[in-house]
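Subject: The structure I promised you

Hi there,

Here is the structure we talked about, together with my notes on it. Have a look at it first, and then read on with the model open beside you.

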Amino acid sequence: MQQGWAGRKRRWGNRLAARAVRSAPAAGGFTSMPEPRTVGFFAKGRQLAQGNFLLAGHMLETHTPWAVELPSAGFAAELHGMGWLDHLAAAGDRPARLAAQGWIGDWITHYGKGKGPGWQPDLTGRRVLRWLHHAIFLTAGQDADGTMPFFAALGRQTAFLARRWKAADPGLPRFEALTGLLYAAYALIGMERYRDEVTAALARACAEDIAADGGLASRNPEDLLEVFTLLTWALQALQDAEATIPPALESALSRIAPCLRALRHADGGLARFHGGGRGMEGRLDHALSAANVPVRPNHSSAMGFARLEGGRSTLLVDAAAPPGGLAAHRAHASMLAFELTSNRRPLVVSSGSGLPFGPEWEKAGRATNSHSTLSIDGWSSARFGRTSRPEDGGAPLVEGPALVTRHRTDERDGSSLLLSHDGYVPTHGLTHVRTLSLDHDGRSVLGEDTLAALEPAHRKTFEALLNSNKMRGIAYALRFHLHPDADPSLDMNGSAVSVALPSGELWVFRFDGPGRLSLEPSVYLEKGRLAPRPCQQIVVRAVILDETSQINWTLAKAQDTPLAIRDIGRDDDLALPRDLFAFD
């Protein structure tokens, strides 16, 4: 109830502030013409110019996006945030420019004086950044009278950000609001009065919201990449204006850079945990180059994730409790789940965030069953509470593990992690203990998963559960979700699974202990697509009958990429039907 009241109060405050800035002075022009910092995709820009909006998992075909009913709140947020301008600017031709200018003009007509859902601090900051980055593109061919509404709307949005940035949630939303305000303060004539305030506020946010290890409270790797990118833009804006760089900003960049490197797989994509995706291709490298942060070795762990690497293989595992507070609304019950990438091909993955595909997929994607780890049938390692803030993404995770342990060992032939969590102790009296080892050449992963009642009180809970329900043991499953490009097959009379990758590599899974091996359907939830992608998962199902049950398993490379083949194929960045790509 308290959070619900806070959300209503914040929305009411946004509406009041948006109305109050209707009479705010217009920007007088640019102090210097801003340069575009964002990167878009040419093909997506061509599709947008034809009226095909693919946002938040929905396709809307229209040339009047502000005059039609929008399919979801997520779609509305992405539409009003205007990140799609990056793609239109990447196309850069006359149809793309006219479409962008027309839609911006229509937005100003409909919403430019404080109406509509787009007046939130984070969305406004995101929108202002795009308008400034693509200012040349958006004002080309227009005279002074034609650009007056554009600069008037920028003045109102800047004044709104100055009033409401404090209402943005800590983390990515706050950095979006502050970076948009800082950019406007240094790029627009008449907005100079906001410079000192926003620079000091950004410095405080860097000190308070970025942890000592460079992570965010949300533990979302993609959010961290977006924050890092925003801070590089802020740094460049201050440098271009020859302004003083706050030490806290430089310190935050120097902490985030090695953390992001530790969260990046061998193929360049980020670990997909707690609502985050792989990140836009090339964005991390571009941001690292712009930040000019000295290169340092990767962390063995960062933001609660542990990393093993050998050869050209990387293994990343969620080795901490899920985030709490506001971040609990998007957190996943993914304790001790891992992802494995070989060369540039993901092998073992997490299902990902189902938020773009609706509330049912959102909840399913956060459950333990959607991650590559052990789960007790019918239970997640953290439970879902009741939500009073649907805009936060879903029900908060509650009753998660009180204790998550991690111990790393480095030896001559490889590195290993000993991990545990007690998320099932309150419900079943059982602790999950997992050992993961990766050899130095990256060809073999050894795993050991144990469920055990470790203490007398835990054993009492476990025995009471068995006796009260007259259960013949507690069923559990060990899951390994495979990337959609992986091609698995059951071998050796169902005792092993061979997984072929598009690169020509062949990996073989085997296990030892109680249980039955099978291949089962799964889904890969990927932002920017119209529907979840079908894939498969390796599942070992077993039953714990007494105080301990253990499964040992191996995942080993049996065949390398043939020497005559270079694995340079690129995945399709667009998730649209192929007939939409036929250009006249």
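Met303 sits in the loop that runs between strand S3 (301-302) and strand S4 (305-310). Please keep in mind throughout that this is a predicted model. Although Met303 is not a glycine, it has a positive phi of about 55°. Met303 counts as buried because its relative accessible area is 4%, under the 20% cut-off.

Met82 is another residue with a backbone angle to look at: its phi is positive, about 65°, and it is not a glycine either. You will find Met82 in the loop between helix H3 (73-81) and helix H4 (85-91). With a relative accessibility of 0%, Met82 counts as buried.

Now to the salt bridges. How many salt bridges does the count come to? The number is 24.

In one of them, the side chains of Arg383 and Glu399 meet, at 3.7 Å from N to O. Arg383 belongs to strand S9 (residues 383-384), while Glu399 is in the loop between strand S10 (397-398) and strand S11 (404-411), so this pair ties together parts that are 16 residues apart in sequence. Are the two partners buried or exposed? Arg383 is buried, at a relative accessible area of 12%, whereas Glu399 is exposed, at 54%.

Another salt bridge joins Arg541 and Glu520, whose closest N and O atoms are 3.0 Å apart. Here Arg541 comes from strand S20 (residues 533-544) and Glu520 from strand S19 (residues 516-524), so the pair ties together parts that are 21 residues apart in sequence. Arg541 counts as partly exposed, with 24% relative accessibility, and Glu520 is buried, with a relative accessible area of 18%.

There is also a salt bridge between Asp410 and Arg408, with 3.1 Å between the closest N and O atoms. Asp410 is exposed, at a relative accessible area of 52%, and Arg408 is partly exposed, at 29% relative accessibility.

Beyond these pairs, there is a network of salt bridges that links Arg345, Asp485, Glu526, Arg529 and Arg533.

The next stop is on the surface, where Arg15, Arg19, Arg22, Lys113 and Lys115 gather in a patch of positive charge. Arg15, one of these residues, has its place in helix H1 (residues 2-20). Arg15 is partly exposed, with a relative accessible area of 42%.

Asn14 lies in helix H1 too. In contrast to the partly exposed Arg15, Asn14 is buried, and its relative accessible area is 6%. Which residues is Asn14 in contact with, once neighbours within four places in sequence are left aside? They are Trp119, Gln120, Pro121, Phe160 and Arg164.

Two more residues made it into my notes. Gly447 lies in strand S14 (residues 444-452) and is buried, with a relative accessible area of 6%. Not counting residues up to four places away in sequence, Gly447 touches Thr435, Leu436, Ile551, Asn552 and Trp553.

The other one is Pro246, which you will find in the loop between helix H11 (221-240) and helix H12 (247-262). Pro246 counts as buried, at 12% relative accessibility. Apart from neighbours within four places in sequence, Pro246 is in contact with Thr199, Ala203 and Leu238. Pro246 and Phe338 are 92 residues apart in sequence, and their C-alpha atoms are 37 Å apart in space.

That is everything in my notes for now. Write back whenever you like, and we can go through the model together.

Best wishes

How values were computed: Residues are numbered from 1 along each chain as its sequence is written. This is a predicted model: local features need pLDDT of at least 70, side-chain atom pairs count only at pLDDT 80 or more; totals for chains, interfaces and linings use all residues. Side-chain values use heavy atoms; hydrogens and water are left out. Patches are made of residues with over 30% relative accessible area and no salt bridge: like charges are joined within 9 Å, nonpolar side chains (Val, Leu, Ile, Met, Phe, Trp, Tyr) within 5 Å. Accessible areas come from the Shrake-Rupley method with a 1.4 Å probe; for residues, only the protein chains shown count as cover. A salt bridge is a side-chain nitrogen of Lys or Arg within 4 Å of a carboxyl oxygen of Asp or Glu. Lys and Arg count as positive and Asp and Glu as negative; His and the chain ends are not counted. The place of a charge is taken as NZ of Lys, CZ of Arg, CG of Asp or CD of Glu. Helices (H or I, at least four residues) and strands (E, at least two) are DSSP runs, numbered from the N terminus. Buried means under 20% relative accessible area, exposed over 50%, partly exposed in between (1.4 Å probe, protein chains only). Contact means heavy atoms within 4.5 Å.
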